[in-house]
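User: I would like to go through the terms used for this structure and see what each one rests on. Please set the values against the cut-offs.

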Amino acid sequence: MPGATDAKPTKPLKNPCNLCQSVRAILKRPKTGQQLCKECFFHVFETEIHNTIVDNKLFNKGDRVAIGASGGKDSTVLAYVMKLLNDRYSYGLDLVLLSIDEGITGYRDDSLETVKRNRDQYQIPLLIVSYKDLYGWSMDDIVKEIGRKNNCTFCGVFRRQALDRGAIMLNVDHIVTGHNADDIAETVLMNILRGDLPRLQRCTSIITNDTSEDSSGIETSKILRSKPFKYTYEKEIVMYAYFKKLDYFSTECIYSPNAYRGHARVFLKDLEAVRRTAIVDIIHSGEALSASVQANESTKLPTMANCTRCGYISSNELCKACLLLEGLNKGLPQLGIGHTTKIRRMAEAANLASGLSSPASLSSSAASGAAEENIKVVTHIKDLGQLETMPSLDSV
Amino acid sequence: MSCSVEEPTMTIAEKRAKDRAVHVGFCCKCKHAKSTITVRYAEYCETALRNARPYRVITPENVMLAFSGGPSSRALIHLFDVFHSLPPEVATNKKQPKIYNDIHVCHIDESCLLEPAQDREQQDITSSSGSTMEQARSIAAGYGYSFHGVAIEDIYDPEWTDSRCFEAVVTLITSLPKDQLTTSGQAPELLSRIIPTPASSTSEEDAPKLSRQEKINKLKALLGACTTLTAKETVLQHFRSSLLIQLAKRGQCTILALGDSATRVAIQIIELTSIGRGYSLPHETSLLSNWVQDCKVIRPLKDCLVKELDSFCGLNGLELIERHNAQLDWTIKTKADIKSIRRLTDDFITGLDKEFPSTVATVCRTAAKLTPPEATYDQKCPLCLGPVQAGVQEWKRRITVTTAPGEVDTTITANTSNNTETETKDSPDGCCSSDAGGCCTSSQRPPCTSHQTTITTTTTTTTSPSTSTPFSSLLCYGCLTNLRDLDLKFMASQEDSSDELMSSTSFELPPYVAETIVHRMGFASLDEFEHRSVAAAPATAVDPQESLRTQIQEFLIPSDDEDE
């Protein structure tokens, strides 16, 4: 929309801010195209997040909330804004930072330094949980083992559990993550493209893991997760960080280029260029589709149970993380990705055929060797006592 | 099973049937006549077979095939013929029920939107240069189907509405002064004015009220008012749907068959998601949709890829109509506007399908598992005639803040779903006392009879008599988003005087929009709407909850704390 030009004769301001009309506008808002001054931008940005939190009743007074902090722009701004709103509107929340170290050299170690700086700048306590400690495998190890094709699957599954484990360690009620509107729109498109109906139903929910209505008696961590940035544009988050001069780490994960999500992202960017409201429109469509999926009785959503090995919530006997871990430990990296039963069968057949105790490698040649090299193999995640060094709360 | 060439062998089923047969050689139904025909391992006499129904049909229905001229719909016509043809021995039996009763073909001639330069040069607009009507007619005639043709500009003809003669068009006005709107960042709250087209001097029903050129001009004016290609394409698509439904109803057809291929459906799914039409998506992409009253919409070719249909036409030597789709490139002024969401989605899906060949199938399968929403056809959107979700304006307002620091945003706290102007300016009514007969959710009156009215609804001001009708509050989310792309300078504002209103209004929406608005407001007909008591209450429907709230507003403590 075109911005207003010279408005009032008494105040010949060139290009006044659309909202306050009193100062010159210095930026164009990606979400609406309005021309705003810095203060008004901060105001609309912060107020929208506040509205999202309030309208969706995300928190209770006195909640202990962990902020998933990666050091990237989303989580840095999230930490900043959560603290700001907590103080300004007296949410009464007890905030902590929770960071996951996947073990990606040249990427995660740098971003963790940023998180440590955030801890000092915002005065919020920090806990770092690493894949190496939790699972015995860092992402570098995993990529060496399986190559670059399905590594995002491993990282995503492990991270989700790691966040929960960390949250339990910190004794929090709630985890907030920095998923923004662009992420959610991308996810809606991806789920449609991949035909993933259960995910399509869940992905637009602002609060997930809400098992309050679930009466199946299974053990869950009961830690809610929410996305206060659900309606916040990625570009606006960057703009906010820029104008507020917030400290963040801005490189892409070095293992990511070939992900399927990349296609959806490019398409989304093209859409946004044509129509700036497309992102929010997709989220709105996603919410409507979610209701449609839910209404369809034939859609079988998986029933939840507990993983037999680690006790984590799972729709199968073994949770995905345990499954993937088993695959890694046995040198069967395909386990948990694609046709699990087929691979097991093939492995067992190979076992019987060759009489070996460890199965022949299926994918990369380095696969079989890696299993034995691993010294610290943690197969029972629940038993945290196995960890030699317990991560401690890195307080201010 | 042995395979001897000399004699026919009995299959297992036949053996079983033979064993079951009690009266071998006699009809199994009447049991006394000698059997003459064996069907499905059972024997019948002629009389019995005449009454037996080989197809599970209760009543054969009339089908309207939508034919655009492209390969998909051309294949549709041919395939219907193949499917519908009965073997000769059955066809001669007149008492045999058919699957479908009559098959009709309809075509929308979009030639007026093809070559604007030529149109202007030619004096005789009715010349068929570029017109696709005759080609379509001859193709339909080849199969012996009845043909119905209409031109896209006929959407402005009062004839193409449910009432067959709804003589009114709609102009839009903005509720706030325009300079305020451009800076607000919000989608403008639009109100409508229903303008009666001048009553014709003759009472002849057949006399066209508008000339073809006038209709083309109106259509082009509307398209010109849309600033983006996406908006143009979407609006045109709504017009097409409206015409197709009317054509089906005119032809007494209870089924409308569209030639959408799987590729088209997959693109549609992503496109609809991207423009915010997720709510109506299940209806617009399903194999069978019951959304439109008395007219089932089916997409029989939903599982065929467009490449397959293309090859099918080529191999069977089926003729197509070239240049049958409106090309809107001529309306584009700058290079930047050349992209539309439809084109982007088309490129995206086609490209993705090359790399991941199951993309189209997967996307279609996903959408097939969606349940259509619980919405009634009575409460359809005036522009797209689709389902309307409750509270869409509210949703939009909640996620975008448009007030300066320190300013109180009345729109967010007030929970409005109607024209905010009416609330602040007019005294609130106690309850649904508006003449419209209730709020937007009230029950509908019976379908209208034909009328001639043009109502110019101005936005409600305290001085002039209120004749404006709501618009934005009646729309679905997708249309609300789409109309953000309307150029505000083509619309008058509520504050303008009536002279300014008439001069600055330069586009109109077709009669079917006016008809739907009038129905949504609870009036059975245009006449009734025009003769409603204007002085009593504003014509805008009032949400009862909201009017109660305004009464007690002064006693409410604004809640901006987060405790539950």
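Analyst: Helices (H or I, at least four residues) and strands (E, at least two) are DSSP runs, numbered from the N terminus. With that naming, Gln34(A) sits in the loop between strand E1 (27–28) and strand E2 (35–36) of chain A. This is a predicted model, in which local features need pLDDT of at least 70 and side-chain atom pairs count only at pLDDT 80 or more, while totals for chains, interfaces and linings use all residues. Residues are numbered from 1 along each chain as its sequence is written, chains are lettered from A in the order in which they are written, and side-chain values use heavy atoms, with hydrogens and water left out.

User: Why does Gln34(A) count as buried?

Analyst: Buried means under 20% relative accessible area, exposed over 50%, partly exposed in between (1.4 Å probe, protein chains only). Gln34(A) has 1% relative accessibility, so Gln34(A) counts as buried.

User: What makes the pair Gln34(A) and Thr32(A) a polar contact?

Analyst: A polar contact is a pair of N or O atoms within 3.5 Å; within protein, one must be able to donate a hydrogen and the other to accept it, and residues adjacent in sequence count only if both atoms are side-chain atoms. The side chains of Gln34(A) and Thr32(A) make such a contact at 2.9 Å.

User: Why is the pair Arg398(B) and Asp55(A) called a salt bridge?

Analyst: The term asks for a side-chain nitrogen of Lys or Arg within 4 Å of a carboxyl oxygen of Asp or Glu. Between the side chains of Arg398(B) and Asp55(A), the N to O distance is 3.2 Å, and the pair is a salt bridge. The count between chain A and chain B is 2 salt bridges.

User: Which residues make the contact between the chains, and how much area is buried?

Analyst: Contact means heavy atoms within 4.5 Å. Chain A gives 59 residues and chain B gives 60 residues. Buried area is the accessible area (1.4 Å probe) that two parts lose on being put together, summed over both. For chain A and chain B it is about 5,000 Å², with 64% on carbon and sulfur atoms. Polar contact joins 14 residue pairs between the two chains (both at pLDDT 80 or more). On the side of chain A that touches chain B, H11(A) gives the most, with 12 residues.

User: How many helices and strands does chain B have, and how much of chain B is buried?

Analyst: Chain B has 22 helices and 12 strands. Of its 564 residues, 53% are buried.
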